[in-house]
Amino acid sequence: MIQNIYHEMTSFHSLLQAEREVTKGKGEKHDVLRFEDDLEANLLDMSENLRAGRIPKVQYKSFNVYVPKFRKVIYIDYPSKIIQRAIYDALNPRLIKGFISDTYACIPGRGQLAAMLKVKQWMADTRYRPGDWYYYKFDVAKFFYRIDHDVIMQLLASKIADARVLDILKYYICDTG
C-alpha cells in the first residue's frame, strides 16, 4: 500500500525533476520560456499551493493534425504538465511492481518496440504448437474518454492510502474533462 508520498510528490525537488523531464525537447516553446524565466519562484509557488490543497485549474489548448487523417490534438498547460509528471514520477515506480510482465506502456525499458517484439515471439511460438491460433489487432476510439472513472478511482484507492494523493488524482482523472 502506497502511503505518505504527497509531501514528497509536491516538494520543490520533485517538481524541479518533473519540469526537467517535461521540458526535454521543448525548451524553445513560448510557455516553457515564460515559466522558466522565474523557474525557482514558479516551482516554489506551485509547491506551496499544492501543499495547501490548491490545485491550479487545468487550461486546455488544441490544434488539428491532418496526417494520415484529421485528428484534433488536445493538450494541457505547462504547469499542469509539470504537476502530472511529478505525480507520475512518484507513483509509477511503486505501481509497476504490481503489473503483469506483458504491460508495456509507461514502463522504463519497455514500450512499443518491446511490445512488438513480444507479439513477434508469440507468433513464432505458435508455429510449433498444434491448433489454430488467432490474434486481434484493434484501436479503441477515444479509449481514455471511455474509462469508467469510478472504477479507476476504486483501483487506485486499493493501492494508495494517501488521501491527498487520491484527491489530486481524482481532480486530474475525473474533474478536468
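Where in the chain is the place of Asn-4? In this predicted model, Asn-4 is placed in the segment before α1 (6-9). The secondary structure of the chain amounts to 8 helices and 2 strands, and these follow the pattern α-α-α-α-β-β-α-α-α-α along the sequence. Taken along the principal axes, the box filled by the C-alpha atoms is roughly 65 × 45 × 30 Å.

**Backbone features**

- Most residues other than glycine have a negative phi, and most peptide bonds are trans.
- Asn-4 has a positive phi, near 50°, and is a residue other than glycine.
- Val-67 and Pro-68 are joined by a cis peptide bond, for which omega is about -10°.
- Pro-68 belongs to the loop between β1 (60-65) and β2 (71-76).

**Packing of α2 with α4**

- Two packed helices are described by the angle between their axes and the distance between the axes.
- For helix α2 (residues 12-23) and α4, the axes cross at roughly 125° and come within 9 Å.
- This angle makes α2 oblique to α4.
- The crossing in which α2 passes α4 is right-handed.
- On the α2 side, the contact is made by Phe-12, Leu-15, Leu-16 and Glu-19.
- On the α4 side, the residues are Leu-39, Glu-40, Leu-43, Leu-44, Met-46, Ser-47 and Leu-50.
- By class, the contact of α2 with α4 comprises 8 nonpolar residues, 1 polar residue and 2 charged residues.

**Packing of α4 with α5**

- Helix α4 (residues 39-51) packs with α5 at an angle of about 65°, and the two axes are 12 Å apart.
- The crossing of α4 past α5 is right-handed.
- Leu-43, Met-46 and Leu-50 of α4 make this contact with Pro-79, Ile-82 and Ile-83 of α5.
- The contact of α4 with α5 has 6 nonpolar residues, with no polar and no charged residues.
- Leu-43, Met-46 and Leu-50 of α4 also take part in the contact with α2.

**Packing of α5 with α8**

- Helix α5 (residues 78-95) and helix α8 (residues 163-175) have axes 12 Å apart and pack at an angle of about 130°.
- The two helices, α5 and α8, are therefore oblique to each other.
- The handedness of the crossing of α5 and α8 is left-handed.
- From α5, the residues in this contact are Ser-80, Ile-83, Gln-84, Ile-87 and Leu-91.
- These α5 residues meet Val-165, Ile-168, Leu-169 and Tyr-172 in α8.
- The contact of α5 with α8 divides by class into 7 nonpolar, 2 polar and no charged residues.

**Second largest pocket**

- Rolling a probe the size of a water molecule over the atoms shows where empty space is left.
- The second largest pocket holds about 700 Å³ of space.
- The lining of the second largest pocket is formed by 17 residues.
- Nearest the centre of this pocket lie Ala-115, Val-119, Trp-122, Tyr-135 and Tyr-136.
- The lining residues of the second largest pocket comprise 11 nonpolar, 3 polar and 3 charged.

Notes. Residues numbered from 1 in each chain as written. Predicted model: local features only at pLDDT ≥ 70, side-chain atom pairs only at ≥ 80, totals over all residues. Heavy atoms only, no water. Axes fitted to C-alpha atoms, helices over the stretch in contact; angles between N-to-C directions. Helix = DSSP H or I, 4+ residues; strand = E, 2+ residues; numbered from the N terminus. Parallel < 35°, antiparallel > 145°, perpendicular 65-115°, else oblique. Left-handed = near helix turned anticlockwise from the far one by under 90°. Contact = heavy atoms within 4.5 Å. Nonpolar A, V, L, I, M, F, W, Y, C, P; charged D, E, K, R; others polar. 1 Å grid on protein atoms, 1.4 Å probe; cavity = no way out; pocket = protein on both sides within 12 Å on 5 of 7 lines; lining within 4 Å. Points joined across faces, edges and corners; volume = space filled by probe spheres on them.
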